[in-house]
There are 2 protein chains.
Amino acid sequence: MFYTLIILLFHVNQQFYADVNIHEEMIADTIRTNTYRLGILRNRKAMEGKVVLDVGAGTGVLSIFCAQAGARKVYAVEASSIVEQAVRIVKLNSMEDRVEVIKGTLETVDLPEQVDVIVSEWMGYALLHESMLNSVIFARDKWLKPGGLILPDKAELFIAPINDLVVEDRLNFWSTVKSQYGVDMSSMTDFAKKCIMNRDITVNLVTVEDVLSHPSKFADLDLYTVTMENLRSVRGGFRCECFGSSSINAFCVWFAVTFAGEDKPLVLSTSPFSPETHWKQAVLYLDEAVDVMQDTKVEGRINMYPSEESARHIFYCMCVISYRLDYFLWLCVCVCMCVI
Amino acid sequence: MFYTLIILLFHVNQQFYADVNIHEEMIADTIRTNTYRLGILRNRKAMEGKVVLDVGAGTGVLSIFCAQAGARKVYAVEASSIVEQAVRIVKLNSMEDRVEVIKGTLETVDLPEQVDVIVSEWMGYALLHESMLNSVIFARDKWLKPGGLILPDKAELFIAPINDLVVEDRLNFWSTVKSQYGVDMSSMTDFAKKCIMNRDITVNLVTVEDVLSHPSKFADLDLYTVTMENLRSVRGGFRCECFGSSSINAFCVWFAVTFAGEDKPLVLSTSPFSPETHWKQAVLYLDEAVDVMQDTKVEGRINMYPSEESARHIFYCMCVISYRLDYFLWLCVCVCMCVI
């Protein structure tokens, strides 16, 4: 006697899959979620009895934090299909009276009233990569009451030169093939270099040991005043002094956002010197490594602007970095290069 | 006085990138590359002075192994742009007189002669996922001399029930959110289950501890006789007896290929009981976990067939598994489920 069970496997549900992965990663990022939670809860006085708009609400967790902080009404606007899960979560937490989940894009949605507070987790890799900042600006200009609150209200961008050892190992790999299999594949190094070090944004976890100088801030965004026009080119100068002798094969870019409050501002930092977040750091590889010594000055300008290829205000970082070395130090670098 | 260097970063070179990653992964997979190397070198007698066709030559490393084994001529056929690197590698190894790199698809290429040996690394995830086996069959039927050699010449497919702990942890995560952030997100578990456990092929590293029975072989492919028609449905029965009390939440599928030789055949196995390869294992999740006990028999049939959605003979595994539990044991399983 047998019990037979037919199971149909391998449905093609890639979209679903992507959805849960992203949301799991964001919620499991305790630095991100706890800083937002605290940033919202410590603004309890500003939230009490007020109306909030959550731009890109996702699973609705920030909207619920706002309701827990005393908001009278939260409009949780989300364009993707995860909105269905947000509805379920709001219901599960008995927040239907205070949190209204709205499916749609911020640019087309029609709210019944102006709002006192805008909350949003809009940041992408390197802050602006596929970010929703344009939607936040749109929401601010259309729906925020004069004198209203934005959480977070400030974003900063940082840069530092690094020596990425993982990439060095990967490039060196092709020279080791001959000893392993008896086939010389060292000619692949150039190709690998082109592939790895000369392309679109790379998101890596940069360790403190890789960072070769104190960070330099190159841009500030004030969420109350920044315009979409400003986002067409987010740029600034930087100046770093190297800790010691090493080789710069990349620059590392990261961001921090700040939540105002009655006490000291609360900072969500994605620095390699801070605990790891799911944003990690953005790595900008150089075509050729440059040797540096202690106190070598590395100066330059960085410009981040939207990709011309991508529509829908999705940001691609495209950067030009120029860096200047003091002539004398540069000579030293040359000598080092010859000696090594 | 300053030295100024302008560096243009962030070229969009995704295709390049993909290329080197794949080839680095394959060459760095020492189990794969060494087994091919040995499988070729131990057939020195069959190679000596002969003509070889390498189907999907990639960087050309297998072609060079064949030349090192004494082949008079190797035609290294490769359709993708990595072929340019193969040309450079062949030259670097001074093999231009013996290894001829040809850019093109096997189906359209015109060789000046029939070949004595076909060598190919055609296996994809779960053997048939995006595999090039059709091209190998085409090459055999069109270019291989009667009595010629194929390396490898045999492929086998295996299955075993597993308990995937990583997925259990991921599903359980959503029930932990409330204690962490004060928001009940347990309703996400169902959604996560749909996303993770009910979709296209999943490639994971399965540990020996996860495997709940001895493996069962469900299909054999003889490279000398298999036809493209056969590949429209690669299927077979399986029967496993569970080691002990546990819960089956997935099946694991893997393959082995065999290189004939004068001595004992050489096997390249991707079993979870063998050293790790870049193929890892294919995991087929069940909609619902099933508790089992020691000696519970799990029987069924598995059918792998090409996706109707994908063109160009690219294989997608689509499976139906049915499994039968002895009625008595199934009752026990029910009891266990109630007790826990």
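How many bridges join β7(A) to strand β9 of chain A, and in which direction do the two strands run? In this predicted model, six bridges join strand β7 to strand β9 (residues 216-222), and the two run antiparallel. Strand β7 is also joined to strand β11 (residues 246-259) of chain A, in this case by nine bridges and again in an antiparallel arrangement. The residue A:K154 takes part in both pairings, standing opposite A:D222 in β9(A) and having A:T258 as its bridge partner in β11(A). Strand β7 itself, which spans residues 154-162, is mostly covered, with eight of its nine residues buried.

Although A:E78 is buried, no salt bridge is found for its side chain, and the nearest side chain of opposite charge, that of A:K103, is 8.2 Å away, whereas the cut-off for a salt bridge is 4 Å. The side chain of A:E78 does, however, form a polar contact of 3.0 Å with the side chain of A:S80. When residues up to four places away in sequence are not counted, A:E78 touches A:G56, A:A57, A:G58, A:V83, A:I102, A:K103 and A:G104.

In chain B, B:E288 is located in strand β13, covering residues 281-292. With neighbours within four places in sequence left aside, B:E288 is in contact with B:K193 and B:I248.

How values were computed:
Residues are numbered from 1 along each chain as its sequence is written. Chains are lettered from A and ligands numbered from 1 in the order in which they are written. This is a predicted model: local features need pLDDT of at least 70, side-chain atom pairs count only at pLDDT 80 or more; totals for chains, interfaces and linings use all residues. Side-chain values use heavy atoms; hydrogens and water are left out. Helices (H or I, at least four residues) and strands (E, at least two) are DSSP runs, numbered from the N terminus. Contact means heavy atoms within 4.5 Å. Buried means under 20% relative accessible area, exposed over 50%, partly exposed in between (1.4 Å probe, protein chains only). Lys and Arg count as positive and Asp and Glu as negative; His and the chain ends are not counted. A polar contact is a pair of N or O atoms within 3.5 Å; within protein, one must be able to donate a hydrogen and the other to accept it, and residues adjacent in sequence count only if both atoms are side-chain atoms. Two strands pair if DSSP finds at least two bridges between them.
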